[in-house]
Structure formats: C-alpha cells, structure tokens
Amino acid sequence: MFQQIVDVQREIYLAFAGHIKEFAAGGGWASFLAFLPMGIVFGAVHAMTPGHSKSVLATYLAGSSTRAHRALLVSLALSFTHVTMAVLIALLALPLVSHSFVDAGSSPTLEVVSRALLGVIGLWMLASALFRHDHAHAEGEGLLMGVAAGLVPCPLTLFVMTFAMIHQVIVTGLLFAFTMMIGVGLTLSVVALLTVVFRDRIAYLMRMRPRLLGSVSRATGGLAGLVLVAVAAVEIANWLELTGGH
C-alpha cells in the first residue's frame, strides 16, 4: 500500500511538471487549471507518507484537553507552516538551498529548530502534568505546537516551486502550493479529529471514576510531554553528530 501511495505521488508530480512546462511554452491556462485540483489529491496522498509530524500531532492532542475545533486549527496551522516554509525558501532563499539542504530536500537546520521548539512544549506539558491539579493548556499552545511541528518545509512543494521558477512561471508553483496545502490539511485534520474522538471516548468510559480520570489525564499529558522531549533530544543529537558538534 505504501508503494502504491509513492507511485501515485510520482505520477501526479510528473503530470504537474508536464503541465507547468506546457504552460511555460505558451500552452495557456485552460489545461493547467483543469488539472490543478489534482494538487489537493497530491497533498492528501503525500501527507499519508511517513513524516509531516502526524505522530507528533496525535501525541500532543492525546495528552491535551483540546476540543475538536481547536484540534482542527492546530492541524491547519501545521499544514500551512509546512507548505509555506517551502514556498518562502524557494522565493527568498533559493540561492542558499545548496548550503541549507541535503539529501534531496531535507533541511537539518530547520528540523533541529522545529524539534527544539517541540521539546520546549513537551517540557511545559510535563511540568503541567507534575505540578498542576488539572492538566490545563495555555491559550495558543496548540497553535504554537502546530507551527513548530510544521517548520520543516515540504520537499515536494519546494521541488515544484523550483521547477516553476526555472521555467519563469512562478504563479503556477504558487497555485500548486495552495492546492497542496488543502490536501495536506485534509489528511492532518482527519488525524486530529480521530485522535480527539479516541481520547474523548476513553475519557467518557472513565468518567464514572473522576479521580482515576484526573490521574490518567495528567499521566497522559506527562507521557506526551516526555515523547516530545525525547523526539527533540534525538533530533538535536543527530544534528550535533551531523555537524560535528559545531
């Protein structure tokens, strides 16, 4: 199934590259706009592959008291940041890509910044679990988590933006990025809602034992915090190893 997802991604990407090239050669808007909605499919399928901070999103929501509508905002913030970072890098820092990116679109510096911020949020969640009676969450904490998790840019958006810029049709890359963002947001929103539904279902089953529920809630929040801290520590350690400790 994973290989099928990869194959679908490849076909859509190659088709988009072909339409961008055709548009640059004077092919007109009709053909490109007719194919553009496939970018939503592309984004949704792409977000199903490993990465995109799905596990981080689910871990945070499982350990928080975030309601469904706020969970959607967190997932959308993650999607927006994930795709927008790629667009900004392509538009503003393309000459520096060779110095900032390695291994076909990965960005070690942005990855370590992203995971370090997640580590800070994890420490906050852990402190809340240990020292608060109720596992409350500060206003905006979820959105901050979404932005932090999304700082790692989307490599496929970066590739398409670069391809569009090479052919001097930047607007086609921007339109693709917009539809890609919608697709990624759809997949991450499903992950967020399923996590909240599962968490609330467990809470409902335990509601008859409020003390146990409170303890489990704090324990879950603490565990989520520990996971985020662990992810941050591993990413920072890998980055230090990659840079030789400098």
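## Ground rules

Because the model is predicted, local features need pLDDT of at least 70 and side-chain atom pairs count only at pLDDT 80 or more, while totals for chains, interfaces and linings use all residues. Residues are numbered from 1 along each chain as its sequence is written, and side-chain values use heavy atoms, leaving out hydrogens and water.

## The overall picture

Let's start with the whole chain. Its secondary structure comes to 11 helices and zero strands. Here helices (H or I, at least four residues) and strands (E, at least two) are DSSP runs, numbered from the N terminus.

Of the 246 residues, 43% count as buried. Buried means under 20% relative accessible area, exposed means over 50%, and partly exposed lies in between (1.4 Å probe, protein chains only). Among contacts (heavy atoms within 4.5 Å) between residues at least 6 apart in sequence, 81% join residues at least 24 apart.

## Two helices side by side

How do H4 and H8 cross? The axes of helix H4 (residues 54-62) and helix H8 (residues 141-149) come within 10 Å and cross at roughly 165°. That makes H4 roughly antiparallel to H8. Axes are lines fitted to C-alpha atoms, for helices over the stretch in contact, and angles run from 0 to 180 degrees between N-to-C directions. Angles under 35 degrees count as roughly parallel, over 145 as roughly antiparallel, 65 to 115 as roughly perpendicular and the rest as oblique.

From H4, the contact is made by Val56, Leu57 and Tyr60, and from H8 by Glu141, Gly142, Met145 and Ala149. These residues divide into five nonpolar, one polar and one charged. In this scheme Ala, Val, Leu, Ile, Met, Phe, Trp, Tyr, Cys and Pro count as nonpolar, Asp, Glu, Lys and Arg as charged, and the others, Gly among them, as polar.

## Aromatic rings

Rings of Phe, Tyr and Trp (its six-membered ring) pair if their centres lie within 6.5 Å; planes under 30 degrees apart count as stacked, over 60 as edge-to-face and the rest as tilted. By this rule the count comes to seven aromatic pairs. One of them joins Trp29 and Phe32 edge-to-face, 6.3 Å centre to centre with 70° between the planes. Trp29 and Phe32 are three residues apart in helix H2 (residues 29-35), so about one helical turn separates them.
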